[in-house]
Amino acid sequence: MAADVHKKGGDVPNGSLVPKDGRHAERSESPTPGLAQGTEPGAGQEGAMFVHAQSYEDLTSTDNPDATVQMPGGGEEAQSDQTKIEEISKDFSELSTQLTGIALDLEEEMRQSKEDKQDLSPQASRRDSVLSGKEDEDVSMDAWRMHQKHVFVLSEAGKPVYSRYGSEEALSSTMGVMMALVSFVEAQKNAIRSIHADGYKVVFVRRSPLVLVAVARTRQSEQEIAQELLYIYYQILSLLTLTQLNRIFQQKQNYDLRRLLAGSERITDNLLDLMARDPSFLMGAARCLPMASGVRDMVSACLQQAKAKSLVFAILLAKNQLVSLVRKKDQFLHHIDLHLLFNLISSSSSFREGEAWTPICLPKFNSGGFFSAHISYLEQETDLCLLLISTDREDFFTVSDCKRRFQERLKKHGVYHALLEALRTPFYSVSLVGIPYLRHFIYKSKSSGLFTSPEIEAPYITEEEKERLLGLYQYLHSRAHNSSRPLTNIYYTGSHENLLAWVTNAFELYVCFSPLGTKAAAVSAVHKLMRWIRKEEDRLFILTPQTY
């Protein structure tokens, strides 16, 4: 199924970061609070790669179905609406086969559910448990209640779809109560967003035909928790498409969606794990693998030259860090879609074994159709993974040849070994900045949609300490982006560290210092840090993105 493509011409509507005049203003040597967007450190000099997204604000707004770009040709949308469910099922079956080795036939499942009024038989439960490989926790035990964050997904009929911990079957009554709360409030012509009690936040996100609920006792704001729930929603769409999801529940409102998603639980679990430790999701941005600008430019040129007519995006990554991204002219990727692609790759080691050709929906790009993704590692023992996103599902051999030509060009120009050298040091040390008491920082360029941060070092050695540091960043982020009272400058003092947040129209900066430092020293250090980022920007960011 050919996927729709965003057309952005002229003034580049729908939030593109490309300046209206097609040029960037002169770049500033000394960043200031008044720095114009497009001139901050890390801003791309040749336009943007991503659709504009200032952190999570666009996530929490209601999606406008009318904003979806139509497929070329006026009659194709009507034709798409009449697509038989068997054809959509075939696409998903290919994905399920790739990820789990088991093909699921939607038509057969729907027919069985009509014959069997009990949608979740013990046999089906055991089958789902085997497919997912999930170790169910006893929901009556204190250990289950002690988790800092629970995530639940259910249908509008109250049917369980997913639970982060424990068996969905054991939690069916709990999810029924959640749906009853949503329905009760809606009956009063209102909408429930959150409940705050006893240090817990219960956050609800309604995306028909699904309801997503999180129960958390973290320092995250309601909006940030809602952002994570929306990532889970988009993860489900990436496997099914919104078109298929709506059609399923139009045909049978109490359909058990777990039958169709069986085997994909580990992908959702992995996404939640990533969001707990990777600041990419908090910042709404992608991190680049540090490397010399000459090497990155040559890699991008090789990737650009190994093209095919059906290719829309070509992405080279290593351990959830972006090495290069080449896009079709006037097509822009959303960082959420990129994060979902990263999650898909990191959740399965099977992609190392050969060349995968699988349907994938990019829900922020087009929630109604599948792309075909060619996923492979350049070499099985390296972490360099190549994604080639095509609009033609019959184009496997052509796209596979693009990979071959890309590898040949890398070796011909002598940059492959330089890539492997860069992989040896995927992170840099904060000591390179040369600022006393500086422990860590996160810097995001809003123009490019990219961010950089050093490796988390002592005293944040354990996973618990690393998560605590990210929790402090989440707290500052929530204060800075508070919908009722946003802040541009925050200085936080704690018993273990001091933190500073600085948010402008052009960039966001979150810095962690030793508790021995002073506020005046922190402010002075931030200006020095910004000058260092400017000096190193060609190594830390993609400044000259390529297009087909």
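**Rings, charges and cores in a predicted model**

A charge counts as sitting over a ring if NZ of Lys or CZ of Arg is within 6 Å of the ring centre and within 35 degrees of the ring normal. Arg 352 does this too, with its charged end over the ring of Tyr 377, 4.3 Å from the centre.

Some ground rules. This is a predicted model, in which local features need pLDDT of at least 70 and side-chain atom pairs count only at pLDDT 80 or more, while totals for chains, interfaces and linings use all residues. Residues are numbered from 1 along each chain as its sequence is written, and side-chain values use heavy atoms, with hydrogens and water left out.

How confident is the predictor? Average pLDDT, the predictor's confidence in each residue from 0 to 100, is 82 for the chain, and 77% of the residues score at least 70. Residues 1-31 fall below 50, with 79 contacts beyond near neighbours in sequence; contact here means heavy atoms within 4.5 Å. Residues 53-134 are also below 50, with 149 such contacts. Where pLDDT is low, the predicted coordinates should not be read in detail.

Now the overall picture. The chain has 18 helices and 17 strands, taken as DSSP runs numbered from the N terminus (helices are H or I, at least four residues; strands are E, at least two). Of its 548 residues, 55% count as buried, which means under 20% relative accessible area, with exposed over 50% and partly exposed in between (1.4 Å probe, protein chains only).

On to the aromatic pairs: there are twelve. Rings of Phe, Tyr and Trp (its six-membered ring) pair if their centres lie within 6.5 Å; planes under 30 degrees apart are stacked, over 60 edge-to-face, and the rest tilted. Take Tyr 231 and Phe 281: the centres are 5.1 Å apart and the planes stand at 75 degrees, so this pair is edge-to-face. Tyr 231 is in helix H8 (residues 222-240) and Phe 281 in helix H12 (residues 279-283), so the pair ties together parts 50 residues apart in sequence. Are these two buried or exposed? Both Tyr 231 and Phe 281 are buried.

Phe 313 and Phe 365 make another edge-to-face pair, 5.5 Å centre to centre with 85 degrees between the planes. Phe 313 belongs to strand S7 (residues 311-318), and Phe 365 to the loop between strands S9 (356-360) and S10 (371-377), so parts 52 residues apart in sequence are tied together. Phe 313 and Phe 365 are both buried. There is also an aromatic cluster, made of Tyr 443, Trp 502, Phe 507 and Phe 541.

Last, the cores. A nonpolar core is a set of buried Ala, Val, Leu, Ile, Met, Phe, Trp, Tyr and Cys residues joined through side-chain atoms within 4.5 Å. The largest has 91 residues, and Leu 257, Ile 315, Leu 322, Phe 441 and Leu 509 touch the most other members. Helix H8 gives the most to this core, with twelve residues. Beyond four places in sequence, the contacts of Ile 315 include Leu 303, Leu 333 and Cys 385. A second, separate core of 28 residues includes Val 326, Trp 357, Leu 386 and Val 399.

One more residue: Ser 372, in strand S10, counts as buried at 6% relative accessibility. Among the residues touching Ser 372 are Trp 357 and Arg 393.
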